[in-house]
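I'd like to walk you through one model, so let me put it up on the screen.

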Amino acid sequence: MGIDLTAPIFVISVAAELADMHPQTLRQYDRLGIVRPLRQAGRQRRYSQRDVNILREVQRLSQEGVSLEGIRRILELENQVAALRSRVSELAEELSQMRSTTDGSRVFAAGLAGDVVTLARGQRPRARGQSLVIWRGGQR
């Protein structure tokens, strides 16, 4: 079992040391929304290993001449890409499961609410809750 990278375990002084930064720099990054540590009771900041990794990336980008607003935008876009990749994986798994449960001749019906319902071969949609519009692999 590995270490949870998202566990908020470091106080600001330790996180600053690990990221080779001054604690005031971490406070500024928090105010700007670049890194958002978890807040404990009493408003004390707690940083995770993931936060420290982000701080190191911020420092690298800053040394390459990227502005703080540019860094914030880069991190935002990286988060969006990660979320989209995760969603694609979920959808691919769902599609794989659907394909494994059908025999290749799927039949769909459009519900009254506009939803799509998969029917077994030879099954007709119920009049209540489903319309009679049926689509079979490109044919109506």
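Of the 140 residues in the protein chain, 24% are buried. Please keep in mind as we go that this is a predicted model.

Now the layout. You can find four helices and five strands here, and if you read along the sequence, the order is α-α-β-β-α-α-β-β-β. As for how the chain comes together, take the contacts with a separation of 6 or more: 46% of them are between residues 24 or more positions apart.

Let's go inside. The largest nonpolar core has 18 residues, and the ones with the most contacts inside it are L26, I34, Y47, L55 and V58. Four helices, α1 (12-19), α2 (23-32), α3 (49-63) and α4 (68-101), each give at least two residues to this core. Which helix supplies the largest share? That would be α3, with five residues.

So let's stay with α3 for a moment. Its buried residues are D51, V52, I54, L55, V58 and L61. Among the elements that cover them are α1, α2, β2 (45-46) and α4. I also looked at the length of this helix: α3 has 15 residues, and at 1.5 Å a residue it should span 21 Å; its end C-alpha atoms are 21 Å apart, so the two agree. After α3 comes G65, which has a positive phi, near 100 degrees.

Back to I34, one of the core residues with the most contacts inside the core. What does I34 touch, if we leave aside its neighbours within four places in sequence? The list is Y29, I54, V58, L68, I71, R72 and L75.

Last stop, the largest pocket. There is about 260 Å³ of space in it. Its lining has 13 residues, and those closest to the centre are I34, R50, I54, L75 and N79. There is I34 again, together with I54 and L75, both of which are in contact with I34. By element, α3 and α4 each bring at least two residues to the lining, and the largest share, six residues, comes from α4.

Technical notes. Residues are numbered from 1 along each chain as its sequence is written. This is a predicted model: local features need pLDDT of at least 70, side-chain atom pairs count only at pLDDT 80 or more; totals for chains, interfaces and linings use all residues. Side-chain values use heavy atoms; hydrogens and water are left out. A nonpolar core is a set of buried Ala, Val, Leu, Ile, Met, Phe, Trp, Tyr and Cys residues joined through side-chain atoms within 4.5 Å. Buried means under 20% relative accessible area, exposed over 50%, partly exposed in between (1.4 Å probe, protein chains only). Contact means heavy atoms within 4.5 Å. The expected span of a helix is 1.5 Å times one less than its number of residues. On a 1 Å grid over the protein atoms alone, a cavity is a set of points where a 1.4 Å probe fits but cannot get out, and a pocket is an open set with protein on both sides within 12 Å along at least five of seven lines; lining residues have an atom within 4 Å of a point. Grid points are joined across faces, edges and corners, and a volume is the space filled by probe spheres set on the points.
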